[in-house]
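Subject: Structure handover

Hi,

Here is the structure I promised you. Please open it alongside this email; my notes follow below.

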Amino acid sequence: MNTKIRNQIDLQAEIQEHGFNLVTCGRCGDPFLHRTSEVTLECPHCEFESDPSDFPDLFYEGLEVSEVYNKKPSAGDILVCINPCKMDSGEETLTIKKEYKIKSFRKKEFSITDDYNDTHWFGLDKDDKNTYWKTFFRLK
Ligand SMILES: [Zn+2]
């Protein structure tokens, strides 16, 4: 278990007890704060407006033991999308909460097939721009 992440989860729960929440945008992935009483949320970064369920908590129960903090994905793993990943054209090519299976690996990258049947590569390096870590996928 990752105790530092565990601590963040506890702090997030404490924030929620006071009527606020810290979430990540389901479209652009950037974090923002909102009141838990709000029924519709709007991302201040990209103006995406939707139901709170489209804005995952930044830290949530179970994250500390989830694979994302413990190991890199391997071939055949099923990943759950947490960010729809815009292409250069601005089109979203992945669907939040939809499952994608890792197709193949190459040096420090793996591929999945997106909603348009195109192959998409994600870096395994935490600093990579198009990275898997915390940004697009969470291991199921
Ligand atoms: Zn956004």
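A word on terms first: helices (H or I, at least four residues) and strands (E, at least two) are DSSP runs, numbered from the N terminus. Just after α1, G19 takes a positive phi of about 90°.

Two points on the source. Residues are numbered from 1 along each chain, following the sequence as written. This is a predicted model, where local features need pLDDT of at least 70, side-chain atom pairs count only at pLDDT 80 or more, and totals for chains, interfaces and linings use all residues.

**The helix**

Helix α1 covers residues 3–17, which is 15 residues. The expected span of a helix is 1.5 Å times one less than its number of residues. For α1 that gives 21 Å, and the end C-alpha atoms are 21 Å apart, so the two values agree.

**The sheet**

Strands pair if DSSP finds at least two bridges between them. On that basis, three strands make an open sheet in the order β7-β8-β9, with antiparallel pairing. The edge strands are β7 (104–106) and β9 (119–123), and each pairs on one side only. Neighbouring strands here are turned by 30° against each other on average, direction ignored. For that angle, axes are lines fitted to C-alpha atoms, for helices over the stretch in contact, and angles run from 0 to 180 degrees between N-to-C directions.

Strand β8 spans residues 109–113 and pairs with β9 over five bridges, in the antiparallel sense. Two bridge partners to look at: F110 goes with F122 in β9, and I112 goes with H120 in β9. β8 and β9 form a hairpin, with five residues between them.

N117 lies in the loop between β8 and β9.

K97 also has a positive phi, about 75°, although K97 is not a glycine. Look for K97 in the loop between β5 (78–81) and β6 (99–101).

Are these two buried or exposed? A residue is buried if 20 or more other C-beta atoms lie within 10 Å of its own, exposed if 12 or fewer, and partly exposed in between; C-beta atoms are placed from the backbone. K97 has 12 C-beta neighbours inside 10 Å, so K97 counts as exposed. N117 has 7 other C-beta atoms within 10 Å, so N117 is exposed.

Best wishes
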